[in-house]
Every structure is written in structure tokens, then in C-alpha cells.
Amino acid sequence: MKTAFKIKDVNGYYGESHALKDVNFEIGAKTVTAIIGPSGCGKSTFIRCLNRMNDLVPSFRLTGEMLHNGTDIYQKGRDIIEIRRKIGMVFQKPNPFPKSIYENVAYGLRIHGIKNKSTLDDVVEKSLKKAALWKDVKDRLKESALMLSGGQQQRLCIARAIATEPEVILFDEPCSALDPISTSKIEDLFSELKNEYTVIIVTHSMQQAARVSDFTGFFMMGELIEFDETKKIFTTPSNKLTEDYITGRFG
Amino acid sequence: MANKTNINVLWDKIFKVSGLIVTLLGLVVLAVLLIDIFSEGFSRLSWDFITHYPSRHPERAGILSSLVGTIWVMAITAALAIPIGVMAAIYLEEYAKKSWLTNLIEINIANLAGVPSVIYGLLGLGVFVNFLALERSIIAGGATLALLALPIIIMSTREALRAVPPSIREASLALGASRWQTVSTMVLPAAIPGILTGVILSLSRAIGETAPLIVVGALTYIPFLPESPITGEFPFISLAGLKDPFSVLPIQIFNWVSRPQHGFIVNAAAAIIVLLTITFMMNAVAVWLRHKYQKKIRW
Amino acid sequence: MHKGFQRGKERVIEGALFLCALLSIFTTVGIIAVLIFETADFFGEVSIFEFLTDTEWTPLFANKHFGIMPLFAGTFLTTFIAMLVALPVGLVSAIYLSEYATPRVRNVIKPMLEVLAGIPTVVYGFFALLFVTPLLQSLIPSLSGFNALSPGIVMGIMIIPIISSLSEDAMHSVPMSLREGALALGSTKLQTSIKVIFPAALSGISASCIIGISRAVGETMIVAIAAGLQPRLTLNPLVPIETVTAYIVQVSLGDTPWGTIEYKTIFAVGMSLFVVTFMLNLVSFWLKKRFWQAYE
């Protein structure tokens, strides 16, 4: 299996507070990796490092290396824009732009200078299909994205991320604001997405991690306690803390 | 004990009524002011009043040159203050990292908003009229008012930008958009109604400004118009009028108020009606914009 | 190639935006530079001592005196009268709007009060000179046609919305729990407002009052129109006076040539005005900051 990310001795800080502590592991390409842990454990911080969204937090600082396809994301002079194009992200709360459904999906292409109408049409259709939204919206692409339901909005955000043809898609608790039916629709997507993309999901739901992921990492207080195949983590974890957490003794 | 409680409850009721009366006091004065001015000046309003130059004879005098002067000066003010103000606000809200410099800029803008307008007149006189040798011209007056309007435009624009949820910025950046792409395609369009509201309100303030323009050297008697911006020859646009002397509506009003003859007082009242109509209309547009878009955009 | 171009463009845009933000600093520097430059010239010819202690201000006459006191007396008098009107009315309506009024009433009254603040000051000048003064003369026959009382009152009315709106914001942001605590002890709304909310919001309210004072000190057209143009060291509100601001307008309207000592007086006077309002603004800024730090 190819390696997508290699995380080496990563430490992260918000000002004085130490949010990530000596994190080391590898994430395989075209797999679904779930990151679990109690709230405040650093799992969101971690995933937001992978496409440098934490650069937006002025006090944030990171040491160590995060290699994507062999080169460090944090290397000096790396083009952040290029990184974020290759490593897409879907957020906790659906955040469609206040524009039409079509323009939401086309946005990523437009900002990279693609103007050709038929190319755009093509990509919009393909992306919406991959996000299992095409049937719902194909007759109303010009309508405002804000008219969609919460679950549809989140799938639109996934389509939007797919449209720029990333290699990786990060999901930061993508279902925490959704109802169970919408959640199951999005969960169904993951197994299809991994055929083409490396998928990394932060989730607070252990059931979700168990259902959809191939690998699972367990974070606690900024440390990666255990990382292994999902099957193993949920049946025979090697660390006592992991066991306590997944059996519901805390968290 | 029970007696005291009753008295307190009584006081509470008294305040409830008297507080409302006191609050309405300002509005009563506003009504009296408007009635006074309309009863004095309304009969004087006519097409002739708007299309005539000022004159020694009150019944022949009009507001043409000062009204045109106001339009010219406001055009300059808007052309300078809106782009600069909006850009400064974008920098402070979307780009600036916390540092002593941005901190200083912020305190400074808050402070500039409290500097008396007549001081801006002295600034315009020193810098535009004399140092840059623009003379007592429309451009000097417009630039002075632009500096005066800037702090308010910057503050209201920042507020409008802040009302755009951060999740929109995150979403755009995560798709690989640059800062400027995010601002220009997402944040600005969403903030435009709010920005417009603030801009219109600040310009409606600037239109009534009198003191700074008097200091910069606007004249009280102007029997001609600035050179027209549209010419018959190529390139059909001329900015020569910018260097012309000028008057504005509030200065014309001031001039008429200070004259003893009752005919000029009537003229002043009529000119005030014109000025108030313009400012109220601008305010109404601003309020309407705010109302319309508050309803429309739900995040 | 394209990427480098894109990155360069981003840099240029950020630079341009930064320059625009920096312009505000240049404005302040410009104000201070112009004032200091011209004022220094002025003090080359007139001693600071005379400027601060002489009791007469007659730079436009043959027998020149350069004492700023009469002008500041005029400013003080009109400001004082304005605050006598604006403070009680503004604070009472702030309490009413924040603690008593239903949201609907507040939503109707507040924008209407803001209209008051949006009326051009030259209009208030007209109103003071031609409506309020004659009205007051029928009550006080000794009141002269130009006086400090009438423009002071009108200025106060203009300032009401500033004080009431900013104070209301301050009181409104006092945490609900304080209000509930007081009401649960059986206080009436009035007692709660005066004994709990008002003190809790005091620094915010003071900030708004100082902004009101600063506005009154810097107000120009109302006093230039209705207070007269006679510098006079007096606290009598019934006679013509001249304020600091009105003097600047008076000289600007005349045909005093640039570069003469008469002309330079307006910068010296402007400098004094700037220093006073600047300090008031700083105090208000500091109070406001303290208030918001306490409740955020």
C-alpha cells in the first residue's frame, strides 16, 4: 500500500498550550482513516494541520514534519494554495456559499482560472454524482444552495471539494450537525470515495469510525495513543486507554 | 415596610411614564423643527429657486451654483473615500495580523472619528490648499471631506465584513483560493449591502458639513458653475472644473441665515428643505438596504 | 509562470490595502504637522504666556490682544448648557430604552432618534437663531439676539441621541444575571436600573458622556450662527459670546490674507481645540475599553 502522509515528530502549539505532542504515524493512500478521541484531544487540530488551515490561527505553531507524497507540507516556500487544492476539506457545519448550487461546485475551478462552460458543466455534473446529490438537484442547479436541507448542503460541500480533483479529502466531524438519515447517506459515500481519494475523517462517534474506516487513530490530550487497523482497535486494542475509551469508560 | 414597597412601585410606574415622555422629547423637537422650517420655506420652493444663481434680491435668488457645487464635492468625496475606506477596512479585517502597528492604526481611526470637523478644515487648508497648491477648489474641498468621512466608512465597512461568517472564508481557502480571491469573490459580495449602508450614511453626513468647507475656502457667493465635465471635443470628459472655486448648499444656507432681511431667511428655510430632502432620502435608502438584505441572507 | 504572477498579484494587492489603512495615520500626522507648523510660527510673534493668560481676544482689531481665555469661556459655557440638556434627557431615555421599552418600541424610537443626529448642524443653527432664541426672549426679555443659552440648548438636543444610544448599548450589555439577581430580591425595575445596572455600566456610560462633551466642544455651525461673534470672558448665558470653533469660521469667512498673524491665530486656536478634544477622546476610549473588557 502506498503512503499518503508520513507524520514525523509533530508538535503543535496554540500560544503556550501544547495541543499536539510528538505525533508519529503513516496514513495509507486510498484508505479511509478515522481519527477518534474525547473532545479537546487535538484530533481537529491534527486534521487542520494536514492542509494548513491552522495557518489562519495567528498563535498556532508547528514543529516536526508532515510529508505528503514525500515532501513536507510545512517546508518553507511551499505553495499553500497548491496544498489546499490537492488536500480538500469538508467542515463540521455545512458551509455552502450563498450562491447557486452550480456556482458552489464550480467555484474551485473558477478560482483556478477555468472558464470553459462545457468543462465546468461536466465537472459539476460528475462531482455532484460522486457526492450522490445529482438526482436531488439536477433540475435546480441555478437555485440558491442555502435552500437545500442540511444533509444535502453537506453533500454539496463534498461535491465542491471533489470538483478540484484533490488527492485527499479531510472530513472534520462531517455529520455532527446532521440527522441520522443524512448521516447514513454520507457514511455510504466514504466507501466509494476511497476508490479515488485518500479519506481522513475526524469523528466523535466511535460507531461511525467502526462502520466506515479501514484504519483508526486514537488521540488523547494531544497524543496519538494508538493507531492500527480499525478491526484491531475495536476488538483487541493494545493500549489500556484505548480500551477504556471505546468501551465507554470515559469520554 | 409594606408602605415603602408601595412607594417604590409607584416610583417605578412614574418613571415608566416620564421616561417615555423624556425619550419622546427629542422627537417632539424634531417635529417642531421640521414644522418651523416647512412653514417658513415651503412656499418659496419652485423650479426657479433651484435653477437661479444667488442674488442680492432675495426673491430672485436661487441655489443653482451651491447645489451643483454640492454634487461636485460629493462626487469627489465619494470617489476618494469609498475605495480607500473599503480597502483600508479589508486590510484591517481580513489581512492584518495583530501587531503594534495595526493596533495603532485602529486606535488612530477611532480617534480620528472624534476630531471636530472644523479641524479637518484646517488640515485641508494647510495640506490641499497651500502645500499642494490646489487653491480653494472643488478638489481641495472634496478631498478634505473625504478624509473626514474615511474613519466612519472604515468602521462601518469593518462591521459589515465581520458579519460575514468565518466558515465562508474557511470553505473558500480550503478549496485553494487565495486570500484576495476569497475576499473578492466571497466576502465582499456578501458584505456589500452592509458596506453600502455605511457608505451612504457617512456621505449623508458629509453633505451637511459646513465648517470644514468654510475653512478650506468655499465661497458664499458664486454666480457661475464649474466647467462642465462633459465637453464637445475629444476625449469628451474634462476635469478642469475640479480646480474651480465653489460653494455648497449648507454654506449658501449659512450665508442666508446671517442676513437681516426676512426674504433671505425664507430662502434659507427653502434651501434647508432641499438639503434635508437629500439627506433624508439617502438615509431612507440606507435603511431600506439594511432591512432588505437582513431578511434575505440567512446563513 | 502563472503561479508566480498570481503570487505577485497577491503581494501587490496586500500592499495597496495596507497603504490605504496607513493613510489614517498620515491624516493624524498631517493634522498635527499642520497645526504645529503654523502654531510655532504664531508663537514666534506672540508669547505662550500672553496666549494663555490675557483676558482679551482682539486679533482682528488695531489694538491686538491674544488671550484665548474668552474663546474657551464661550466654548465652556455653550458646552455646559448643552450637557445640562443632553445628560439628564440622554441618560433617562437610555434607561428607559434599555430597561423598560419593549423591543418593538425600541426598534421604532432608536432609528428616529438617530435622525436627530443626522440633521446638518447648519439647520440646527437656523433653528436656534430663528426659533429658539425668539421663544426664549418671550420668557427672558433681557436675552440678546445672539447668546450662549439658545445654541447651547439646541446643541444639547443634537447630542441626546449620541448619549442615549451609546449609554443604552452599555446598559444593554450588562449581563442578564445581574438584573435577575436584583429583581429576585424584590427590587423594582427602577431600583434595579439605578442601583445595579447603572453602576455596572458606569464606565461605558461615562465614555458616552465624554464623547458628548467632545462633540459639543467641537461643534461649530450652531454657535457660529446663533451665539454671536464677540469674544467675551463671561459666564452669563444671556449675552453674545464667541466660541473657539466660531472664531475659526469667522476668520475663514473674512478676507484675511494667508501668512498674516491674524491668519495664524486660527491654527493656534485650532491647536488648542485639537488638544482638548483629543484628550477627551482618549479618556473616553480608555473608559470604553475598560468597560468592554469587564463584560466580554
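This briefing covers a sheet and a helix in chain A, the fold of chain B, and the interface of chain B and chain C.

The model is predicted: local features need pLDDT of at least 70, side-chain atom pairs count only at pLDDT 80 or more, and totals for chains, interfaces and linings use all residues. Residues are numbered from 1 along each chain as its sequence is written, chains are lettered from A and ligands numbered from 1 in the order in which they are written, and side-chain values use heavy atoms, with hydrogens and water left out. Helices (H or I, at least four residues) and strands (E, at least two) are DSSP runs, numbered from the N terminus.

**Sheet in chain A**

- An open sheet of four strands in chain A has the order β2-β1-β4-β5, with antiparallel pairing; two strands pair if DSSP finds at least two bridges between them.
- The edges are held by β2 (17–28) and β5 (71–72) of chain A, each with a single partner strand, so one side of each has no neighbour in the sheet.
- Strand β4 (residues 60–68) of chain A is joined to β5(A) by two bridges, and the two run antiparallel.
- In this pairing, H68(A) lies opposite T71(A) of β5(A).
- In general, strands of a sheet pair through backbone hydrogen bonds, either parallel or antiparallel.

- Helix α1 (residues 43–50) of chain A is largely enclosed by the rest of the structure, because seven of its eight residues are buried. Buried means under 20% relative accessible area, exposed over 50%, and partly exposed in between (1.4 Å probe, protein chains only).
- The buried residues of α1(A) are K43(A), T45(A), F46(A), I47(A), R48(A), C49(A) and L50(A).
- N51(A) sits in the loop between α1 and β4 of chain A, and N51(A) is buried at 0% relative accessibility.
- Leaving aside residues up to four places away in sequence, N51(A) touches I83(A), R84(A), I87(A), M89(A), L170(A) and, in chain B, A174(B). Contact means heavy atoms within 4.5 Å.
- R52(A), which follows α1(A), has a positive phi, near 60°.

**Chain B**

- Chain B has eleven helices and zero strands.
- The C-alpha trace of chain B spans about 70 × 65 × 35 Å along its principal axes.
- Of the 299 residues in chain B, 55% are buried.
- Among contacts in chain B with a separation of 6 or more, 75% are between residues 24 or more positions apart.
- G26(B) belongs to helix α1 (residues 2–41) of chain B and is buried, with a relative accessible area of 2%.

**Interface of chain B and chain C**

- Chain B puts 75 residues in contact with 70 residues of chain C.
- About 6500 Å² is buried between chain B and chain C, 80% of it on carbon and sulfur atoms. Buried area is the accessible area (1.4 Å probe) that two parts lose on being put together, summed over both.
- On the side of chain B that touches chain C, α1(B) gives the most, with 21 residues.
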